[in-house]
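Dear colleague,

I am passing the structure below on to you, and my notes on it follow. Please read them with the coordinates open beside you.

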Amino acid sequence: MKAVRIHEHGGVDVLKLETIDDPKPGPDEVLIEVKACAVNHLDLWVRRGIPGQRFPLPMTPGSDIAGVVREVGSTVKGIRARDRVVIQPGLSCHRCSSCLAGEDNLCRSYGIIGETRDGGCAELVVVPAINIIPIRESLAFEEAAAVPLTFLTAWHMVVTRGGVRPGDDVLVHAGGSGVGSAAIQVAKLNGARVITTVGTDNKAQRARELGADDTINHRKYDFYTEARKITGKRGVDLVIDSVGADVWHKSIKLLKAGGRLVTCGVTSGFEVTTDIRYIFFRNLSILGSTMGSKSELLHVMRLVERKVLKPVVDSVVPLDKVGEAHKRMEARKHFGKIVLKV
């Protein structure tokens, strides 16, 4: 089969489209014929490398996978060849107290397909049977691949960790990103007024089409000043942040008393300085969030199939153009998800 392989960390030139042996499913695994695989910032980190973290190279990246079942393992029940499916990207042990409590993303052995085992930037991929989610004929593979990682992350941030309530003012950073475009929809669905930051006027328009009530072009205006104006100097109840260092201090200052900041990423850097007085004087909550549970993704997929939530596809490119997809994401030219068609 053809697969994108990373043998060493570096620039887009380390992404090699190679011919390798077809994978074989184990007894509790499923072999998937990949039809589409979306690109995430996680793929950029796997390609570049992260100081202090080891990836099992060589690696095939790709966490957001949609396709057709080709073969099932000997012990697999309820899944058949030719089923149309999307893959839940989180990996866990299914035996510990966190997994049994339905909080599998807190499992000590938690990993992600495309990060801790080979992912979907390939013609075929083997995944655990428990990670299979059937999808309807009405949902295109490219749309399905735009859902799992970002919508799961957004739902867990906004609802589970952030505790969004009707009437809340929610600031979503990077509204044009995968997580941002999903978080706008999730917050709006739950009755919030949504303010979002974007990098261009075109992205501002697209964010409003998704439901954002107010947009701030952070290249033209200071988001803190503008959000204060929008809220009548009250501040916001909840900040959804995947950016990190560039927005950290002002995001904390922007929270109203009792406000919450939920962080899931650090695309602008991970080292920050925080004035702790803001946190305890104003009863603020700073919450970390990574992925979400399998049950949350099942709920999200039902909402997608009912067209309550909408996958946002920026562009679809062939697998052999994976380097161009990475460049587009690094240049922040995308709105929503870049999807590789296999």
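Leaving aside neighbours within four places in sequence, R193 is in contact with D168, D169, V170, D213, D214, I230 and T231. Please bear in mind that this is a predicted model, and that every value here is computed from it.

R193 counts as partly exposed because its relative accessibility is 30%, which falls between the limits of 20% for buried and 50% for exposed.

As for its setting, R193 belongs to strand 11, which covers residues 193–198 and runs parallel to strand 12 (residues 214–217), with four bridges joining the two. Within this pairing, T197 has I216 in strand 12 as its bridge partner. Together with helix 6 (residues 201–210), strands 11 and 12 form a β-α-β unit that is right-handed.

Turning to the whole protein chain, I find eleven helices and 17 strands, and 55% of the 342 residues count as buried. The radius of gyration is 20 Å, which agrees with the value near 20 Å for a compact globule of 342 residues. Among contacts with a separation of 6 or more, 70% come from residues 24 or more positions apart. The accessible surface is about 15100 Å², and carbon and sulfur atoms account for 50% of that surface.

Technical notes. Residues are numbered from 1 along each chain as its sequence is written. This is a predicted model: local features need pLDDT of at least 70, side-chain atom pairs count only at pLDDT 80 or more; totals for chains, interfaces and linings use all residues. Side-chain values use heavy atoms; hydrogens and water are left out. Two strands pair if DSSP finds at least two bridges between them. A crossover is right-handed if, with the strands pointing away from the viewer, the path from the first strand over the helix to the second runs clockwise. The radius of gyration is taken over C-alpha atoms; the globule rule is 2.2 Å times the number of residues to the power 0.38. Buried means under 20% relative accessible area, exposed over 50%, partly exposed in between (1.4 Å probe, protein chains only). Contact means heavy atoms within 4.5 Å. Accessible areas come from the Shrake-Rupley method with a 1.4 Å probe; for residues, only the protein chains shown count as cover.
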